[in-house]
Amino acid sequence: MATLPFLGGIFNYTAYGIPYFMWIIIALMLMGIMMVFMWYFFYWVKLTPYHGILWAKLKKFGVSFVFDDNMHFDLITDRSSKVIFAETFKQAQEAENDNTKTPTATIGSSIHCDFIFDPDKWTFPNSYQHKIIEDIAERWNEVHPGDQLRTLVKFARYLHEGKLDEHYADDLKKLKREYIVSWARIRMMYKDREESGTFGFVMTLANIIKDIEASSYNQYAILILILFGGIDILYFVAWFIMRKPV
Amino acid sequence: MVDYVVVPAGMAFDPNTWDYTLLLPIWGWIIIFLLGVGFVVLVAMVYVWIIMRPVSGYGAVGDSTALSKGSPTQVFSIWKNRSFVIECVWYYGNMLAYGNPLTKMQMWFHNSEKATGVSAEKPVMITRDGFDGTVDFIAEMAVCEIPPLFNSQWGFELVPRTDINGRVVIGEDGTPELKEVERKDDNGIQYMLSTFSDIRTRMSLLEKLYPDGVPIPIYKPYDLSEIYRYTPQNQDSLKFGADIVEEAKEWSRDDERNTPGLFDRFGLLIICGICGIASVGMLWYILPIR
């Protein structure tokens, strides 16, 4: 009768003074640490420009992609993108007695995300445009306590409606009111498709389809590899457990 | 017959160096602590992954797919269910398509280089599921500004008010009373713009009326509901992709050249099978179970 140790003797034997099972735990720990490092460098660091989304989720605020006329997008908070003074967007809305919630889209299930066209740097807190807006809004709010002006959306609307022209005309001269979009740009986006534009891709796709159909059985090759890999591992474990004591 | 030693006999721990107070030896608590830390780290990683998953296509690291010979491009996708995601889509000579177009058929045609933006120092294209081309936000916003601008100036006209007998009603000042009605052309078609096809039909006229271009507010949020109102109809990205795939399949069927041989069809399968059997055989030879 042969006497074999439990699980190949991982509780019975030591290597360099440390039991086998401790070596296994150390190996698992190292694998875990390596996994965290890989996750950090290949996933988290890669997403650096969008880390704000995580903070938006944790601190429950919205985000905006602000873009200029060349469609350069910057991800900033809704506070920076929509509010005139140093307060949160919610506080500004409450002061304006406005509870409109119309995000362009949501990221995941709950992070509100807007896209805001701002070629004149209204959302840059240190720009002279923002300072002018701040100044005008401050003066407006003193005169109109019941009609507070605290968000850029409302400021833009009042500017468009001409409500600010009467008293702040000199300051408003320094702000641009509109951006002219050329017809070439509009036509370019909506021009009719030409068949020649897609023909090359159709032919490429035809070749790919032919390749896929030709190698349709080869897609099971990975299953074969997994099957034999599994058999190898099981064999190795069986050998380790059933081997004779040293 | 094999007799297993279930109780670890001759365990290598030295009770003198490891303290067995607090129910477990110290090394047990260390392991539990490390496992706890590992669990917390894992949960945090999964949580971050769930939050960041919608934007994980940033940087467009392409994987090995059917279209992987194209250029991987990061794409902002805004869908009708108001989801926003950043995806990796393959750019293939004017065309944007997912890695395996046979299973995920949406495709977009890249008409305008102005529809390419930059996000975090990387080029980005924008797509929507209701339109089969890449999107230039600014052109879209301009299109939304055209109908109110045109309609307010040209959509209506003032005509004399008439009574039930068709006679012109004269006001107190002696001039005919006027009323605002929709302006119509000689064929009875109204001037007012209400859909994108109206705008497309009158594009030349609009260019003459507003030669400089279309003014849009200097600060304006992109309003998706307004955009969908003036989106070209029957230009759905999924239908566009399905048409392209169908056309490609027809070409593929018609092409009788290069018929695949036996090795093309089964070659990889056979090689993997042989390698697998060989690996088991080698293991049997090196580590025999006796």
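Let me start in chain B, with Asn234(B), which sits in the loop between helix H5 (224-229) and helix H6 (237-254). Helices here are DSSP runs of H or I with at least four residues, strands are runs of E with at least two, and both are numbered from the N terminus. Asn234(B) has a positive phi, near 55°, and is not a glycine. Its relative accessible area is 77%, so Asn234(B) is exposed; the cut-offs are under 20% for buried, over 50% for exposed and partly exposed in between, with a 1.4 Å probe and protein chains only.

A word on conventions. This is a predicted model, where local features need pLDDT of at least 70 and side-chain atom pairs count only at pLDDT 80 or more, while totals for chains, interfaces and linings use all residues. Residues are numbered from 1 along each chain as its sequence is written, chains are lettered from A and ligands numbered from 1 in the order in which they are written, and side-chain values use heavy atoms, leaving out hydrogens and water.

Chain A also has a non-glycine residue with positive phi: Met71(A), at about 55°. Met71(A) belongs to the loop between strand S4 (63-67) and strand S5 (72-77). Is Met71(A) buried or exposed? Its relative accessible area is 0%, so Met71(A) is buried.

Now chain A as a whole. There are 10 helices and 8 strands in chain A. Its radius of gyration is 32 Å, well over the 18 Å that the globule rule gives for 246 residues, so chain A is more spread out than a compact globule. That radius is taken over C-alpha atoms, and the rule is 2.2 Å times the number of residues to the power 0.38. The C-alpha trace spans about 105 × 55 × 30 Å along its principal axes. Of the 246 residues, 40% count as buried.

Next, the interface. Contact, meaning heavy atoms within 4.5 Å, links 126 residues of chain B with 105 residues of chain A. The two chains bury about 10,400 Å² between them, 72% of it on carbon and sulfur atoms. Buried area is the accessible area, with a 1.4 Å probe, that two parts lose on being put together, summed over both. Ile138(B), Ile218(B) and Tyr219(B) supply 9% of what chain B buries against chain A, more than any other three residues.

Last, Val202(A), in helix H9 (residues 195-214) of chain A. What does Val202(A) touch, not counting residues up to four places away in sequence? Its partners are Ile244(B), Glu247(B), Ala248(B) and Trp251(B). At 0% relative accessibility, Val202(A) counts as buried.
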